Amino acid sequence: MAILIVTDIFGYTDHIDRFAKSLGSGVQVLSPFIEEPNSVSESDCYELFLAQCGHRLYADKVSAAISEYKPKLIVGFSAGGAAAWIALSEQGTSHSVEQLIAFYPSQIRNHLSIKPSCDVSIFFAQVESHFDVEPVIEQLKDKKGLDCIRTRYLHGFMNKLSGNYDEYAYSHYQYFCQREARNYIEVVQREAEFS
């Protein structure tokens, strides 16, 4: 498998399914939930996320998915991006992942001393309600293989269920992810031909 998508607190939605399919074949989606939420309310989804999973357990689920699926690329959204950051950092170099793309992973602010051994691109929201983005970027910017971009969009800009969804931003970053995904899908296909 080439790509693992790690969802935000809304879980595996129709929107995530369409995004996953747009990346091509060899894509697996990981949600924090045992049972997907019925609600589309952000506060309801967050309560369910904390009740069923929480940040630590989500990182453990990502770690297990990396071991099982051996993806080359991970695309994580919000809590999923932070969970992937933690899981990859804890695995050291003993994983298959070559790149992590994380959109507005605000929990990274609590894990600034670590960094995955793969290349990382983080697309931060312009502002966050719980912390100042700029000092977080300042602490991360000198880490090798890490690209931090402060977008002009708000947290949730990639998620149609978010009040901060931005259609232009979604199209732009979806194209970025598609381009990156093509590279890894081709690599996995070539590896399969030679094995």
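Trainee: Which residue in S2 does Leu-4 stand opposite?

Mentor: In this predicted model, Leu-4 faces Gln-28 of S2. The pair belongs to a parallel arrangement: strand S1, residues 3–6, and strand S2, residues 27–30, are joined over four bridges.

Trainee: Which residue of S3 is the bridge partner of Ile-3?

Mentor: Leu-73 is the partner of Ile-3. Strand S3 covers residues 73–77 and pairs with S1 in the parallel sense, again over four bridges.

Trainee: How should I read the side chains of a strand, and are those on the two faces of S1 buried or exposed?

Mentor: Side chains in a regular strand alternate between the two faces of the sheet. In S1, Ile-3 and Ile-5 lie on one side, Leu-4 and Val-6 on the other, and all four are buried, so both faces are covered.

Trainee: What describes a pair of packed helices?

Mentor: The description uses the angle between the two axes and the distance between them. Helix H1 (residues 14–22) packs on helix H6 (residues 167–194) at about 45°, with the axes 9 Å apart. The two helices are therefore oblique to each other.

Trainee: Which residues meet where H1 packs on H6?

Mentor: H1 contributes His-15, Phe-19 and Ser-22, while H6 contributes Tyr-170, Gln-174, Cys-177 and Gln-178. By class, this contact has three nonpolar and four polar residues, and no charged ones.

Technical notes: Residues numbered from 1 in each chain as written. Predicted model: local features only at pLDDT ≥ 70, side-chain atom pairs only at ≥ 80, totals over all residues. Heavy atoms only, no water. Axes fitted to C-alpha atoms, helices over the stretch in contact; angles between N-to-C directions. Parallel < 35°, antiparallel > 145°, perpendicular 65-115°, else oblique. Contact = heavy atoms within 4.5 Å. Nonpolar A, V, L, I, M, F, W, Y, C, P; charged D, E, K, R; others polar. Buried < 20%, exposed > 50% of the residue type's maximum accessible area, 1.4 Å probe, protein only. Pairing = 2+ DSSP bridges.
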